[in-house]
Amino acid sequence: MAEFPALNGQSVSYAVLEYPAGSVNPPHTHPRAAELLFLTYGILEVGFVDTTNKLFTQRLQAGDIFVFPKGLVHYQFNCAESDFTVAVSAFGSAAAGTVSVPSTVFATNIDDEILAKSLKTDVQTIQKLKAGFEPKA
């Protein structure tokens, strides 16, 4: 609202997203809003998983629009090797919220054994994954 006060009280919000070459916005959800992404520059691979675990993907070019339904896991990946990408995302809520799947799973105190069983792997693998999410000293 500091940047665009007219949004105050309108139950909408937006974000300008810049993706360096080869970067990813990891799988995440917005529990309180759908997201409408408008690509203004570059190319971007996007995808979401529906409630039947079907993956929908699209490679966007500047001028394309994509909708991520409310609450579904989705991601964005700048597949360009040497160019950045810029997009504008609009949300149907002033407080869409963001839940990062990797951080939620590996940077919290969910028991290693529970994660290992859930992900059909071993505790050592879970501990290696968690180590990647520990705060840098």
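Start with the rings: there are five aromatic pairs here, where Phe, Tyr and Trp rings (for Trp, the six-membered one) pair if their centres lie within 6.5 Å. This is a predicted model, so local features need pLDDT of at least 70 and side-chain atom pairs pLDDT 80 or more, while totals for chains, interfaces and linings use all residues. Residues are numbered from 1 along each chain as its sequence is written, and side-chain values use heavy atoms, leaving out hydrogens and water.

Select Phe-48 and Phe-56. Their rings are stacked, 5.1 Å centre to centre with 20 degrees between the planes (stacked is under 30 degrees, edge-to-face over 60, tilted the rest). Phe-48 is buried at 12% relative accessible area, whereas Phe-56, at 31%, is partly exposed (buried is under 20%, exposed over 50%, partly exposed in between, with a 1.4 Å probe and protein chains only).

Next, show the strands (DSSP E runs of at least two residues, numbered from the N terminus). Five of them make an open antiparallel sheet, ordered β5-β4-β7-β2-β9; two strands pair if DSSP finds at least two bridges between them. At the edges, β5 (55-61) and β9 (99-100) each pair on one side only. Zoom in on β4 (residues 43-49) and β7 (residues 74-77), which are joined antiparallel over four bridges. Pick Gly-47, and its bridge partner in β7 is Tyr-75.
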